[in-house]
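Let's look together at how charged side chains pair up in this chain, and at the space its surface leaves open.

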Amino acid sequence: MRLSLLALFFTNFIFAQTQYPKDYFRPPLDIPMQLSGNFGELRPNHFHAGFDLKTNQREGLNVYAIADGYVSRIKISTFGNGKCIYITHPNGYTSVYGHLQTTVGPIQDYVKKTHYKEKAYEIEMFLKPDELQVTKGQLIALSGNTGSSEGPHLHFEIRDTKTEFVINPIFFGFDKNIKDTKKPTVSSVYVYPLENSMVNQSKQPLLLNVALQKDGTYLASKVKANGKIGFGIVAVDFDDVSFNKNGVFNVSTFFNGNQNYNYQFNTYSFDEMRYVNALIDYGKYKKSGQRIQKLFMKTPFALSIIKTDSLRGIIPVEPNLASTYRIEVSDYFGNLNTITVPVEYDAATPIVKEEPATSKYFIKVNKDSNFEKDNMSVFFPAGTFYDDFNLNFDVKNNRIYIHDDTVPVHSNFTITIKDSSYPEELRDKLYIGRGNSYNGTIRKGDVFTAKSKTLGQFGLVLDTIKPTIKIVKPIQDKWISDVKKIDFIINDAASGIKSYNGYLNGNWILFEYENKTKKITHTFDDTMLAEGANDLKIEVIDNVGNSAIFETHFFRSQQK
């Protein structure tokens with residue numbers, strides 16, 4: 001009876017999907033849709049929240065509103081989605097357009113006005129329904145490469161307006177714009193011994209050999225084990241046009257014919273994004289760059305797309321029982337790849353031992369942990385990690401050693417360092433750094449605290465060096481009447497840049513910042529320029545208060 005109820009549960013999950021409108025939205029670009037990234041694709045520290053649409057490897061393509069609505073939010077950032085527009089539609093969904101080169105028309109007028117009102121490049125605006133209304137097909141922006149983009153493209157999302165959950169855009173009729181007749185590719189299958197078990201005389205994970213069968217399915221080499229085991233795969237998907245690796249849509253596993261684990265990339269919240277580090281074998285990823293998707297949970301975690309049985313996908317291998325484990329990987333279009341793994345009990349003595357634990361410190365996922373030595377300590381709140389593990393911890397040579405970045409961290413932990421060896425006038429120039437990388441640091445007297453989501457070595461870093469400012473093309477005492485833009489390179493070698501400001505003849509002016517090139521750019525506006533002599537000033541401040549100033553003087557005649 002239990003198995004029948006379980007089968008019913010999985011059937012309801014897979015087939016009872018929300019019915020989304022198929023013909024309500026138009027594509028955001030007017031070129032054929034090609035993906036450079038799909039929904040749910042595994043990314044560093046997050047699942048991809050939408051489609052990345054190719055823009056012919058260039059910037060400046062027209063971006064259109066996919067339906068009637070109003071601009072509800074605009075965010076201009078040096079990281080993340082860069083320049084980004086949010087449009088709320090009357091049917092309950094919000095569309096998102098990221099990495100834009102620029103907004104256009106009334107939207108750009110609104111953005112520029114806000115830049116100057118707040119005297120900042122990085123801004124975020126939340127608008128009312130009657131402020132910036134748009135119609136379906138209206139030009140709203142030009143595509144770009146801003147923020148954390150690694151090349152020109154358009155990041156495109158659809159969200160539930162009320163819950164802000166991201167939804168796979170493929171459900172909204174965009175499947176008709178994508179041709180896909182290719183099966184997902186499973187390049188590797190791994191088996192994991194769990195809880196002191198053994199697999200093929202090994203207490204460490206093993207890569208299985210996989211052979212293609214006549215019917216198009218795959219057969220893995222036999223697994224001989226005892227105790228509890230789990231499986232993992234390396235899988236990607238391709239469509240017929242884009243020729244780049246995308247994430248897979250659905251993964252299902254079956255033990256002796258009964259489904260025991262499933263995830264499908266339909267919809268999820270932003271709070272769940274970081275669980276990508278629990279889904280994959282994070283240690284393997286950090287060591288080799290290979291993302292193995294685990295098909296089991298050692299410790300439950302709250303990723304809503306995963307549906308599993310009471311054993312959380314873990315397979316108990318018992319005496320006198322031969323079993324079959326099956327993995328099915330499919331895309332939205334129904335292209336399916338199947339791998340069968342024969343499993344049998346084996347009580348042989350292990351040849352390959354598990355890696356010995358060298359630490360005397362142990363982390364329990366559901367308990368607070370605090371470790372202290374000399375003048376340094378680290379505090380992990382309950383829920384910081386995904387699984388229990390042995391923690392390497394030490395303090396030496398004025399540094400605190402907190403394991404290494406092969407164990408994923410879900411939420412912030414706190415590092416505290418007490419140090420009175422620096423004179424008072426230098427203490428505000430100190431920060432807690434992982435290496436030299438800046439962590440936001442709070443000082444109270446001689447006690448410094450910082451938070452991090454990455455394990456590693458930390459210590460106090462002294463930064464007394466001011467940022468650098470370099471003009472790309474000098475204009476000192478020159479007539480530059482035909483120059484439309486001016487560029488500077490700004491940099492800080494230690495704590496990093498906190499803020500920058502530009503002033504023309506004493507008035508604040510907008511400089512746009514590109515973090516990938518460390519370049520700030522101002523586009524001249526004749527209404528702000530004086531006839532003849534002009535003074536330009538740039539001020540840059542780093543995260544501990546060191547500042548640098550660049551000043552130049554140039555001449556300009558108004559264009560006729």
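This is a predicted model: local features need pLDDT of at least 70, side-chain atom pairs count only at pLDDT 80 or more; totals for chains, interfaces and linings use all residues.

Residues are numbered from 1 along each chain as its sequence is written, and side-chain values use heavy atoms, with hydrogens and water left out.

**Salt bridges**

Side chains of opposite charge can pair when their charged atoms come close. Taking a salt bridge as a side-chain nitrogen of Lys or Arg within 4 Å of a carboxyl oxygen of Asp or Glu, the count comes to 17 salt bridges. Here are some of them:

| Pair | N to O distance |
|---|---|
| Lys83 and Glu512 | 2.7 Å |
| Asp405 and Lys286 | 3.0 Å |
| Arg556 and Asp526 | 3.6 Å |

Helices (H or I, at least four residues) and strands (E, at least two) are DSSP runs numbered from the N terminus. The salt bridge between Lys83 and Glu512 links distant parts of the chain, with Lys83 in strand 7 (residues 83-88) and Glu512 in strand 43 (residues 512-514), 429 residues apart. Lys83 is buried at 6% relative accessibility, whereas Glu512 is partly exposed at 29%; buried means under 20% relative accessible area, exposed over 50% and partly exposed in between, with a 1.4 Å probe and protein chains only.

For the salt bridge of Asp405 and Lys286, Asp405 sits in the loop between strand 32 (399-402) and strand 33 (413-418) and Lys286 in helix 4 (residues 282-288), so parts 119 residues apart in sequence are tied together. Asp405 is buried, at 17%, and Lys286 partly exposed, at 38%.

In the salt bridge of Arg556 with Asp526, Arg556 belongs to strand 46 (residues 547-556) and Asp526 to the loop between strand 44 (519-523) and strand 45 (532-542). Arg556 is buried at 4%, while Asp526 is partly exposed at 32%.

**The largest pocket**

On a 1 Å grid over the protein atoms alone, a pocket is an open set of points where a 1.4 Å probe fits, with protein on both sides within 12 Å along at least five of seven lines, and lining residues have an atom within 4 Å of a point. The largest pocket is lined by 46 residues, and Pro205, Asp281, Lys298, Glu355 and Phe389 lie nearest its centre. Strand 14 gives the largest share of this lining, 7 residues.
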